[in-house]
Amino acid sequence: MSLTSAYLRSALFLLTALVLHLALFSDLRVLGVAPEVPLAIAVTAGLVGGPERGAIAGFAIGLGIDLYLPTLFGLSALIYTVWGYTVGLLEERIFRSAWWINVLVTAAATAGGLLVYAVLGELLGEVNLYTDRLYTVMGVAAAYNLVLSLPLLGLWHWSWPRLLGEER
Amino acid sequence: MATGTRTGRSRFTLIFLLLTSATLITLDARDFEPLQRTEETLSDLISPLRSGADRVFEPVGDAWAGVTGYDELESENEALRQELQKLEGQQILDSDAAIRLESLLDVLGLPYVQDIPNVVGEVVTANVGNFDRYSVQINRGAEDGIRNGMPVVTRGGLIGRIDGDPGRGHSRVTLLTDPSFEVGVLVVGTEDVALASGGGHGEPLMVTKGLEIDTEVAVGDEVVTSGVDRSRYPPGIPIGTVTDIDFDEARLLQLLTVVPSANTDSLSFVTVLLYDPLEDG
């Protein structure tokens, strides 16, 4: 598979994930909380592709979801970039992960990402982010992303098979 | 060596993306128009894909809402049943209740919409994230005459206002339950203009400013928009009913709890009043 083909697959994957999140996953709420698909995308990209691809995927999906959120444009992109990069770095240097560690890391990173999002958003003047409900959101979204992480990890492996093979 | 080069490149990529994000945040905070136009264009490009996916997955979302919201629906039905019984009982006991009900229905019959041009829009997305519980997106925008700040109503009364510059064919509505939402109100039968603000998801509105302590207000009184000079809302739009009255002795004010007359939980269609206080007021 050529480099172009890998990038096209990644772009297609990101666009499909964004549309599915908007049309389907955002409606599948438990206790009023929807899965954080874009955040799971950034984290799993970091776990599978390393820090650089994690950052790029996080930035791209973050910008996409920012189009539909009332918060500042670029806020999700900023946090997902950092999260994709950090998780990718940890994976490279510490985890060297088994699949079940990746699943747990996705859940923990989802909860952490939401906390950072709420705190940073409030610092930037947004309202209604750091509320009593935040911990419920973190818990439910983490559980949701725990389930979603397996197919997402598989889809990233599908997007970058040759690139990953060459690097290893 | 190769690993070192890759690490250096990934750091460069990270810094570049962070700077880009920070720049976008800064420009958005300053309402930089070209950025807003770009956002609209990108959103419009994704829109057909999203509409198609919405149509495909709508039954799934509905089925999920049916399963997860069943208990809520049942208790809501029970509450409505009790309310109905109370109304029926009251009607038998006191014939004035019938007159009151009739006048209430007159108020709720959207007479305020008749004189004001309006556009009916469909709610296309309730909320896509976990932090935007106070806004919905509708499929009407600038090309339909919608502008920032215009009031949005349903048959029940005011539900919010247009938030920010709308896209060509879509716009965002901030709901009146948003704690940062404020609207000038009047308790029907009084002359004090007060300020009501959102109380959060599923919570009543609070009137905390402007209502003198000696103004006669009773539980059950109707609250409507005041429409005073330069208000962004026309007068007389139903807001809700007073359910509790408290007193702030220090400030000599009355504090009201107002249950909204319009339900913002399951919105399908809304009406945007093309109201410009400078032209229409």
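This is a predicted model: local features need pLDDT of at least 70, side-chain atom pairs count only at pLDDT 80 or more; totals for chains, interfaces and linings use all residues.
What span does helix α2 of chain B cover between its end C-alpha atoms, and what would a straight helix of 36 residues span?

## Helix α2 of chain B

Helix α2 of chain B runs over residues 33-68 and spans only 41 Å between its end C-alpha atoms. At 1.5 Å a residue, a straight helix of 36 residues would span 52 Å.

Along α2(B) there is a kink of about 50°, located at B:F57.

## Where chain B touches chain A

The two chains meet through 39 residues of chain B and 38 residues of chain A. On the chain B side, the elements giving two or more residues are α1 (2-29) and α2.

By class, the side of chain B that touches chain A has 19 nonpolar, 12 polar and eight charged residues.

## Helices α2 and α3 of chain A

In chain A, helix α2 covers residues 37-49 and helix α3 covers residues 51-66. Their axes lie 7 Å apart and the helices pack at an angle of about 165°. An angle over 145 degrees counts as roughly antiparallel, so α2(A) is roughly antiparallel to α3(A). The crossing of this pair is right-handed.

From α2(A), the contact uses A:P38, A:I41, A:A42, A:A45, A:G46 and A:G49. From α3(A), the residues are A:P51, A:R53, A:G54, A:A57, A:G58, A:I61, A:G62 and A:I65. Sorted by class, the contact of α2(A) with α3(A) holds eight nonpolar residues, five polar and one charged.

## Helices α2 and α6 of chain A

Helix α2 of chain A also meets helix α6, which covers residues 134-159 of chain A. The axes of these two helices come within 9 Å and cross at roughly 50°, and α2(A) and α6(A) are therefore oblique to each other. Here α2(A) passes α6(A) in a right-handed crossing.

The α2(A) side of this contact consists of A:V37, A:A40, A:I41, A:T44, A:A45, A:L47, A:V48 and A:G49. Facing them in the contact, α6(A) contributes A:N145, A:L148, A:S149, A:L152, A:L153, A:W156 and A:H157. The contact of α2(A) with α6(A) has 10 nonpolar and five polar residues, and no charged ones.

A:I41, A:A45 and A:G49 of α2(A) take part in the contact with α3(A) and also in the contact with α6(A).

Definitions and conventions. Residues are numbered from 1 along each chain as its sequence is written. Chains are lettered from A and ligands numbered from 1 in the order in which they are written. Axes are lines fitted to C-alpha atoms, for helices over the stretch in contact, and angles run from 0 to 180 degrees between N-to-C directions. Helices (H or I, at least four residues) and strands (E, at least two) are DSSP runs, numbered from the N terminus. Angles under 35 degrees count as roughly parallel, over 145 as roughly antiparallel, 65 to 115 as roughly perpendicular and the rest as oblique. A crossing is left-handed if the near helix is turned anticlockwise from the far one by less than a right angle, and right-handed if clockwise. Two residues are in contact if their C-beta atoms, placed from the backbone, lie within 7 Å. Ala, Val, Leu, Ile, Met, Phe, Trp, Tyr, Cys and Pro count as nonpolar, Asp, Glu, Lys and Arg as charged, and the others, Gly among them, as polar. The expected span of a helix is 1.5 Å times one less than its number of residues. The bend at a residue is the angle between axes fitted to the seven residues ending there and the seven starting there.
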